[in-house]
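Here is a friendly walk through one protein chain, written for someone meeting structures like this for the first time. Please keep the picture open as you read.

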Amino acid sequence: MVISETELLKDAFSEFARASDSIINYYNVLETQIRLLKEEVEKKNRELERAKEYLHNILDSVPMGIVVLDQKSISFINKAAERLDSNRIIDSFNGSTDKSGVVKNGRGYYRWKKDMLQNGFKGKEVLIIEDVTEFEKMKERLDRDERLKAMGEMAARIAHEIKNPLGSMVLFLSMLSDGKLRKKDKKYVEYIRFGIQTIDRIINNILSYTRPKTLALKKEKITKVIEDILEFMMPSILSRNIDINYRVEYHGTSFFDPDMMKLVLMNFFSNAMDAIKGRGLIKIDVREEQGYIVIVINDNGIGMDDDTRKNIFNPFFTTKDKGVGLGLFIVHNIVHAHKGYIEVESQEGVGTTFFVYLPKERQQ
Ligand SMILES: Nc1ncnc2c1ncn2[C@@H]1O[C@H](COP(=O)(O)OP(=O)(O)OP(=O)(O)O)[C@@H](O)[C@H]1O
Ligand SMILES: [Mg+2]
């Protein structure tokens with residue numbers, strides 16, 4: 001039997017129709033699968049975004065600064081690191097081969113530690129920065145207290161040792177002047193007596209400020225003392241073109257020795273005035289902080305380098321031609337006797353801030 005061409009064509013067409021039907025079916029199945037896969041990928045992407053957000057939230061709530069560096073530029077930074085002004089910290093150790101250390105910027109001390117990331121994150125470093133300002137300041141304060149105590153004890157011992165022979169010298173001198181002396185020699189005796197009196201006065205000064213003081217505590221307003229001193233010093237402040245910005249947040253009373261605190265404030269103010277060359281500004285703030293009255297004395301004078309700042313409370317440390325270097329030593333002893341403490345922040349060419357903490361309540 002011969003199949004006609006028409007039949008063949010018909011068969012071919014129906015074959016073609018079947019094939020194209022199944023292609024369309026396949027296409028539909030594929031399209032559904034692709035749509036499902038796309039949805040799956042989108043879902044996973046959303047989950048990843050959520051996980052990233054979750055991780056960033058956790059990292060942002062950590063009090064330590066966390067920075068991820070990719071070839072020395074920042075690829076992630078958490079909130080704490082932003083607050084710590086970490087760019088400046090990163091600049092100061094970028095290029096260093098150390099793995100950890102402590103850096104100081106104008107505001108405080110920061111301990112840092114860096115590590116290379118592993119497993120597919122090669123070339124990236126994670127940097128942890130911790131604000132250790134409070135800890136470092138306390139350490140510095142304790143070191144200072146100990147050092148000054150030892151220096152004070154030594155000064156007191158030397159002063160005592162000098163006082164004894166000085167007493168004998170006065171005695172022999174009076175015996176000498178009782179006898180018959182030529183007019184000229186009597187004058188010499190008087191010179192020696194004057195010299196001895198001067199030494200005695202200096203020694204008494206050292207002894208009274210280095211020995212633990214018995215304070216005449218009174219319940220008063222520290223603002224009254226500050227205002228008295230400012231009034232007293234105003235003529236010389238004005239003559240030097242210095243402006244005063246005085247702000248009081250705490251108006252209450254506390255226990256302190258007013259005469260001693262006058263001495264403290266006078267020393268701070270005269271140091272601030274010395275530090276200002278030309279026009280300048282001294283800011284004084286009085287506030288309250290966790291059981292303490294805080295007197296803040298800030299000047300925009302020459303400031304200090306780190307080495308100077310560490311030594312300023314030592315007796316006889318001075319950078320001034322006519323300075324004695326006893327001012328801040330006496331200040332430290334007085335504040336210490338009040339069971340208070342002093343902190344200092346300073347930057348060369350910017351200025352200096354002293355924070356005097358005095359306990360509000362009477363201390364045992
Ligand atoms: N506000 C300040 N700004 C810059 N440097 C300061 C400031 N206060 C103190 N200093 C530094 O501290 C040093 C010690 O101060 P301190 O008051 O003990 O002694 P002095 O002022 O040099 O002498 P004196 O015994 O006459 O007070 C100063 O010589 C100065 O270098
Ligand atoms: Mg001084």
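## Loops and helix pairs

Lys339 sits in the loop that joins helix 9 (327–337) to strand 11 (341–347). Helices (H or I, at least four residues) and strands (E, at least two) are DSSP runs, numbered from the N terminus. This is a predicted model, in which local features need pLDDT of at least 70 and side-chain atom pairs count only at pLDDT 80 or more, while totals for chains, interfaces and linings use all residues. Residues are numbered from 1 along each chain as its sequence is written, and chains are lettered from A and ligands numbered from 1 in the order in which they are written.

Lys339 is not a glycine, yet its phi is positive, at about 65°. Lys339 has 15 other C-beta atoms within 10 Å, so it is partly exposed. The cut-offs are these: a residue is buried if 20 or more other C-beta atoms lie within 10 Å of its own, exposed if 12 or fewer, and partly exposed in between, with C-beta atoms placed from the backbone.

Asn241 is found in the loop between helix 6 and strand 7 (242–248). Asn241 is not a glycine either, and has a positive phi of about 60°. Is Asn241 buried or exposed? It counts as exposed because it has 10 C-beta neighbours inside 10 Å.

Gly120 belongs to the loop between strand 4 (109–116) and strand 5 (124–131). Gly120 counts as exposed because 6 C-beta neighbours lie inside 10 Å. From Gly120 to Glu31 there are 89 residues in sequence and 35 Å in space, C-alpha to C-alpha.

Now for the helices. Two packed helices are described by the angle between their axes and the distance between the axes. Axes are lines fitted to C-alpha atoms, for helices over the stretch in contact, and angles run from 0 to 180 degrees between N-to-C directions.

| Helix pair | Angle | Axis distance |
|---|---|---|
| Helix 4 (residues 133–178) and helix 5 (residues 183–210) | about 155° | 9 Å |
| Helix 6 (residues 222–239) and helix 7 (residues 258–275) | about 40° | 10 Å |

Helix 4 and helix 5 are therefore roughly antiparallel, whereas helix 6 and helix 7 are oblique to each other. Angles under 35 degrees count as roughly parallel, over 145 as roughly antiparallel, 65 to 115 as roughly perpendicular and the rest as oblique.

Residues on the helix 6 side of its contact with helix 7 include Ile222, Val225 and Met233, and those on the helix 7 side include Pro258, Lys262 and Phe269. Two residues are in contact if their C-beta atoms, placed from the backbone, lie within 7 Å. This contact of helix 6 with helix 7 has 12 nonpolar residues, no polar ones and 1 charged.

Finally, step back to the whole chain. How many helices and strands does the protein chain have? There are 9 helices and 12 strands. The C-alpha trace spans about 175 × 45 × 45 Å along its principal axes. Buried residues account for 20% of the 364 residues. Of the contacts between residues at least 6 apart in sequence, 60% join residues at least 24 apart.

How values were computed. Ala, Val, Leu, Ile, Met, Phe, Trp, Tyr, Cys and Pro count as nonpolar, Asp, Glu, Lys and Arg as charged, and the others, Gly among them, as polar.
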